[in-house]
Structures are given as C-alpha cells and as structure tokens.
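Hello,

I am handing over the structure below. My notes follow it.

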Amino acid sequence: MTIYIKKIYNCLNNNESKYFILAAKTTSAGHHILDLDRNLKILRTRILHKKIKLNTVKESGMSAKIEKTKKNSKLHYNILKIYKQTKT
C-alpha cells in the first residue's frame, strides 16, 4: 500500500467528467488516469498510452491524498482526502 499526494487537473474536452488525476506518471508514454465526477469521486481508472504534456492541461487548484493498492494483480486507487487551495 502506497499513499501519496497528486494534483487534480481540469478535464480536457470531456463531457463525462470534470476533473482527472494522473495517478501514475512517467517520462515515457503510459499513464494511469483517474476520471473524477463533479463531486470528486472516482468514475473510472484508465490507461492512456501516449505522453501528456503538463503544460497543455490546467491545474484545478486542488490535490488529493491517494492510496494505491494491488489486488488480484491489478492496481486499485482510493482517494483518502481532497485538499483545496484557499486564496489568502
């Protein structure tokens, strides 16, 4: 079980969900993406087999504490806590 913090990004041209998280990010192609609904609940986990340029996506100003576990040789993600930036 691994727990880490990831940024939440605004979704790109997708009417199904408003936000997403790059759960597993590498320099090569292949990313685990957590699609989130408007209430920041996980809709689905998918793998994108191409590079994502982070300068093409917009940060939402929120981050999430995520738990990664492996069950039946498959990765599972749970959102433990959402952190929202406050303007000061």
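**The sheet**

An open sheet has 6 strands in the order β4-β3-β2-β1-β5-β6, with antiparallel pairing. Its edge strands, each pairing on one side only, are β4 (42-48) and β6 (74-84). From one strand to the next, the twist averages 30 degrees.

Before the details, the ground rules. This is a predicted model: local features need pLDDT of at least 70, side-chain atom pairs count only at pLDDT 80 or more, and totals for chains, interfaces and linings use all residues. Residues are numbered from 1 along each chain as its sequence is written, and side-chain values use heavy atoms, with hydrogens and water left out.

Strands are DSSP runs (E, at least two residues), numbered from the N terminus. Two strands pair if DSSP finds at least two bridges between them.

**Strand pairs**

- β1 (residues 2-10) and β5 (residues 59-71) are antiparallel, over 8 bridges. Ile-5 stands opposite Lys-65 in β5.
- β1 and β2 are antiparallel, over 3 bridges. Tyr-9 stands opposite Phe-20 in β2.
- β2 (residues 19-24) and β3 (residues 31-36) are antiparallel, over 5 bridges. Phe-20 stands opposite Asp-35 in β3.

**Asp-35**

Asp-35 lies in strand β3. Is Asp-35 buried or exposed? Asp-35 is buried, with a relative accessible area of 1%. Buried means under 20% relative accessible area, exposed over 50%, partly exposed in between (1.4 Å probe, protein chains only).

The Asp-35 side chain makes a polar contact with the side chain of Arg-44, at 2.8 Å. A polar contact is a pair of N or O atoms within 3.5 Å; within protein, one must be able to donate a hydrogen and the other to accept it, and residues adjacent in sequence count only if both atoms are side-chain atoms.

Best wishes

Conventions
Helix = DSSP H or I, 4+ residues; strand = E, 2+ residues; numbered from the N terminus. Axes fitted to C-alpha atoms, helices over the stretch in contact; angles between N-to-C directions.
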